[in-house]
Amino acid sequence: MVEWLKPNLVKMKGVKHYKRDGTEHKGGTHKMPNGDLHSGKTHGKTSQKLFHFKDLSKKAKLKAKSK
């Protein structure tokens with residue numbers, strides 16, 4: 001791993017990730033070449049893009065808060 005990326009990984013540990021609709025994702029993840037985070041340990045047909053809470057729509061934030 002590139003050394004300058006390691007501090008960023010430590011900072012992000014414990015940050016929740018959500019599907020577009022506000023459902024929290026608790027499974028494995030992988031990073032795409034463009035930097036997007038997707039569900040699943042490796043990329044497949046069912047992989048979905050994941051988001052941080054601040055990047056969700058207003059409707060999705062309400063769903064995420066209700067859980």
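So, secondary structure to start: the protein chain has two helices and four strands, where helices (H or I, at least four residues) and strands (E, at least two) are DSSP runs numbered from the N terminus. Along the sequence, the pattern reads α-β-β-β-β-α.

Please keep in mind that this is a predicted model, where local features need pLDDT of at least 70, side-chain atom pairs count only at pLDDT 80 or more, and totals for chains, interfaces and linings use all residues. Residues are numbered from 1 along each chain as its sequence is written, and side-chain values use heavy atoms, with hydrogens and water left out.

Now, the surface. The protein chain exposes about 5,600 Å², with carbon and sulfur atoms supplying 57% of that; the areas come from the Shrake-Rupley method with a 1.4 Å probe, and for residues only the protein chains shown count as cover. Of the 67 residues, 21% count as buried, meaning under 20% relative accessible area (1.4 Å probe, protein chains only).

Which residues make up the largest nonpolar core? There are five: Tyr18, Phe51, Leu56, Ala60 and Ala64. A core here is a set of buried Ala, Val, Leu, Ile, Met, Phe, Trp, Tyr and Cys residues joined through side-chain atoms within 4.5 Å. Setting aside residues up to four places away in sequence, Phe51 touches Lys16, His17, Tyr18, Lys19, Arg20 and Leu56, a contact being heavy atoms within 4.5 Å.

Let's finish with Ser39, which lies in strand β4, residues 37–39. Why does Ser39 count as buried? Because its relative accessibility is 9%. Beyond its neighbours within four places in sequence, Ser39 is in contact with His25, Gly28, His30, Thr46, Ser47, Gln48 and Leu50.

Note on methods. Buried means under 20% relative accessible area, exposed over 50%, partly exposed in between (1.4 Å probe, protein chains only).
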